[in-house]
Amino acid sequence: VKFPHPRKEEIFVSRSNRFLLISLLALGGIAVLLSIIFSRKMTRPIKALISASAAIEEGDFRTRVAVSGDDELGTLAYAFNRMAQKLEVQEALRKKLTSNIAHELRTPISAVRGELEGMIDGLISADKEALQSLYAEIGRLKSILEGIEDLSQAEASSLTIRKVDLKLHPFLKSIAERFGKAFMDKGVTLELFCDDDAAASADPDKLSQVIINLMSNALKATGKGGRVWLRAVKDKTQVRIEVGDTGCGIKASDLPFIFERFYRVSKGGLGLGLTIVKELAEAQGGKIGVKSIYGEGSVFTLI
Ligand code: ADP
């Protein structure tokens, strides 16, 4: 059979071929272009994360990366920023703790050194009274170091938490009984309120350390004729433990700082007690709160 228009067929085939070739090239080009755009889009945040990591390695803890989108890279950037923020806070705390410790130790060490110099120079006689004063200063140094040790133990306590189901009534009663004599001696009433079936999941050693600290503070703050109470209140879903007192109260201007390391209102203490309380409460997944009216009393709450 002879094709009527062989030329036309040839032209058709060659045009089709050319069309296919051009389409193929165009599609290939578009694919390459798209892959460049996407890989740029992917690598830009990765490069940002790499340079931010390097900045943190160099010690610039304020570094953050821009978070865009809620895909995996966005989530990674968000997690990175959270980690950087925590590192920044930890670093600030570490610096503050170091300078706090140096500051706390400087005073007793200078006092001891001054007195010893006076004795060496013959300006102060090394009699019993002078030696006793030196002994007291050394005692203060020792208690500062013990306080710091307690604090670092409390800070690491989340690693050693052993929670059990605690029946609160016998538990709180035994703590209150330990304080009985100290309250009697000071003429302060101690009251315990706790339902027989109140229970909580907590680490007994750490929880008793928290309550003992709060009760010692309450007793210190309360004068003769005052009242301190230890109470467990059952809310709908959880138990709240309260240590309240009718003592001196805390000024509103001091209240935001009382949980900070070495912050103290009254003389004598180290200002570490409440920091330790907060660390121990949080290590058990709890939270500590306070309400106080200056001149009327305070209530510390543990949830
Ligand atoms: P410290 O170990 O020196 O007692 P804390 O960290 O326990 O220090 O407490 C910080 C400050 O908060 C203390 O100086 C104290 O004056 C004040 N404070 C703590 N508890 C009470 C309270 N129940 N009533 C009044 N003041 C309190």
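User: How do you know which parts of the model count, and how are residues numbered?

Analyst: Residues are numbered from 1 along each chain as its sequence is written, and side-chain values use heavy atoms, with hydrogens and water left out. Since the model is predicted, local features need pLDDT of at least 70 and side-chain atom pairs count only at pLDDT 80 or more, while totals for chains, interfaces and linings use all residues.

User: Okay, what makes R7 and E10 a salt bridge?

Analyst: The term asks for a side-chain nitrogen of Lys or Arg within 4 Å of a carboxyl oxygen of Asp or Glu. R7 and E10 have N to O at 3.2 Å, so the pair meets the definition. The structure holds 13 salt bridges.

User: Where do R7 and E10 sit relative to each other in the helix?

Analyst: They are three residues apart in helix α1 (residues 6-57), which means about one helical turn separates them. A helix here is a DSSP run of H or I with at least four residues, a strand is a run of E with at least two, and both are numbered from the N terminus.

User: Why is R7 called exposed?

Analyst: Exposed means over 50% relative accessible area, buried means under 20%, and partly exposed is in between (1.4 Å probe, protein chains only). R7 has 54% relative accessibility, so it counts as exposed.

User: What about E117 and R113: why is one called partly exposed and the other exposed?

Analyst: E117 is at 38% relative accessibility, so it counts as partly exposed. R113 has a relative accessible area of 56%, so that residue is exposed. Their side chains meet in a salt bridge at 3.4 Å, N to O. Both lie in helix α2 (residues 72-120), four residues apart, about one turn of the helix.

User: How do you know whether K206 and D203 are buried or exposed?

Analyst: K206 counts as buried because its relative accessibility is 13%. D203 counts as buried too, because its value is 4%. These residues form a salt bridge, with the closest N and O atoms 3.7 Å apart. Elsewhere, salt bridges that share partners join R231, R240 and E242 into one network.

User: What makes R40, K41, R44 and K47 a patch of positive charge?

Analyst: Patch members need over 30% relative accessible area and no salt bridge, with like charges joined within 9 Å and nonpolar side chains (Val, Leu, Ile, Met, Phe, Trp, Tyr) within 5 Å. Lys and Arg count as positive, Asp and Glu as negative, and His and the chain ends are not counted. The place of a charge is NZ of Lys, CZ of Arg, CG of Asp or CD of Glu. R40, K41, R44 and K47 gather in such a patch on the surface. Take R44, in helix α1: its relative accessible area is 57%, so R44 is exposed.

User: Why is L27 called exposed, and which patch is it part of?

Analyst: L27 has a relative accessible area of 56%, so it is exposed. It sits in helix α1. Together with I30, L33, L34, I37 and F38, L27 forms a nonpolar surface patch with about 620 Å² of accessible area. Areas come from the Shrake-Rupley method with a 1.4 Å probe, and for residues only the protein chains shown count as cover.

User: What makes a nonpolar core, and which residues touch the most other members of the largest one?

Analyst: A core is a set of buried Ala, Val, Leu, Ile, Met, Phe, Trp, Tyr and Cys residues joined through side-chain atoms within 4.5 Å. In the largest, with 47 residues, the ones touching the most other members are L168, F171, L172, L207, I211, L214 and M215. Helix α5 (204-221) is among the elements that each supply at least two residues, and α5 gives the most, with seven.

User: How do you know whether I258 and F257 are buried or partly exposed?

Analyst: I258 has a relative accessible area of 7%, so it is buried. F257 is at 34%, so it counts as partly exposed. I258 is in the loop between β5 and α6, and F257 lies in that loop as well.
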